[in-house]
Structures are given as C-alpha cells and as structure tokens.
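Q: Hi! I'm new to this one, could you walk me through it?

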Amino acid sequence: MKLSKKDYKNLKIFGKNVQKLRTTENLTIKQLSEKTQIREHYLKKIEKGTAIGVSTKHLFKLAIALNVSPSELVKNL
C-alpha cells in the first residue's frame, strides 16, 4: 500500500494529537500502554506518525484511556 503525502501528514497530526492528550492526562507511554494493552513500541510509532494502519480497535482503546471521544484523536485531519 502506497501512501500519499497527505496520508503521511495525517499520520503525523494523529500522532501529535495522541501525544498532546497523553501529556494532558499526565500519562507516560508505559502507563498508556498498560491502560490500552498496546505495546509501548507501537505507541511510540503512533506518536511519531510512523505507525501505518492504526486499527479502529486501537483508536477506541486510546480514546477510552485518554478520556476523549475518538473524534478528538482525529481532529484536524
């Protein structure tokens, strides 16, 4: 699957949204990993904007752990 420049830009925005919300909740990557059961390595990739194909399952796990709606995670895409 080949991604466009816009796709890569959206991955970066999504990652920044996750990171911003995580820090707002005063959570470390490790704590977020424990709350979501998503591996730390993958969470780091999400925040860097290099995780391709983030599943809706992960989107909902992140939203629940960060106390936001899923739409907050994809804001500004």
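A: A quick word first: "buried" here means under 20% relative accessible area. Also, this is a predicted model.

Q: Good to know. Which residues of helix 2 are buried?
A: Those are Ile-29, Leu-32, Ser-33 and Thr-36.

Q: Where do they sit around the helix axis?
A: Looking down the axis of helix 2, its buried residues fall within an arc of 105°, so they line one face of the helix.

Q: And what covers the buried residues of helix 2?
A: The cover includes helix 1, helix 3 and helix 4.

Q: Let's take Leu-32. What does it touch?
A: Leaving out residues up to four places away in sequence, Leu-32 touches Val-18, Arg-22, Leu-27, Leu-43, Leu-62, Ala-65 and Leu-66.

Q: How many residues are in the largest nonpolar core?
A: There are 16 residues in the largest nonpolar core, and Val-18, Leu-32, Leu-62 and Leu-73 have the most contacts inside it. Helix 1 (5-24), helix 2 (29-36), helix 3 and helix 4 each supply at least two residues of this core.

Q: Which helix gives the largest share of this core?
A: Helix 4, with 4 residues.

Q: Nice. What follows helix 2?
A: Gln-37 comes after helix 2, and its phi is positive, near 60°.

Q: Switching topic: where is Ile-52?
A: Ile-52 is in the loop between helix 3 (40-48) and helix 4 (56-65). Its relative accessibility is 44%, so Ile-52 counts as partly exposed.

Q: How far is the C-alpha atom of Ile-52 from that of Leu-3?
A: The two C-alpha atoms are separated by 9.1 Å, while Ile-52 and Leu-3 are 49 residues apart along the chain.

Methods:
Residues are numbered from 1 along each chain as its sequence is written. This is a predicted model: local features need pLDDT of at least 70, side-chain atom pairs count only at pLDDT 80 or more; totals for chains, interfaces and linings use all residues. Side-chain values use heavy atoms; hydrogens and water are left out. Buried means under 20% relative accessible area, exposed over 50%, partly exposed in between (1.4 Å probe, protein chains only). A nonpolar core is a set of buried Ala, Val, Leu, Ile, Met, Phe, Trp, Tyr and Cys residues joined through side-chain atoms within 4.5 Å. Contact means heavy atoms within 4.5 Å. The arc is that of the directions from the helix axis to the C-beta atoms.
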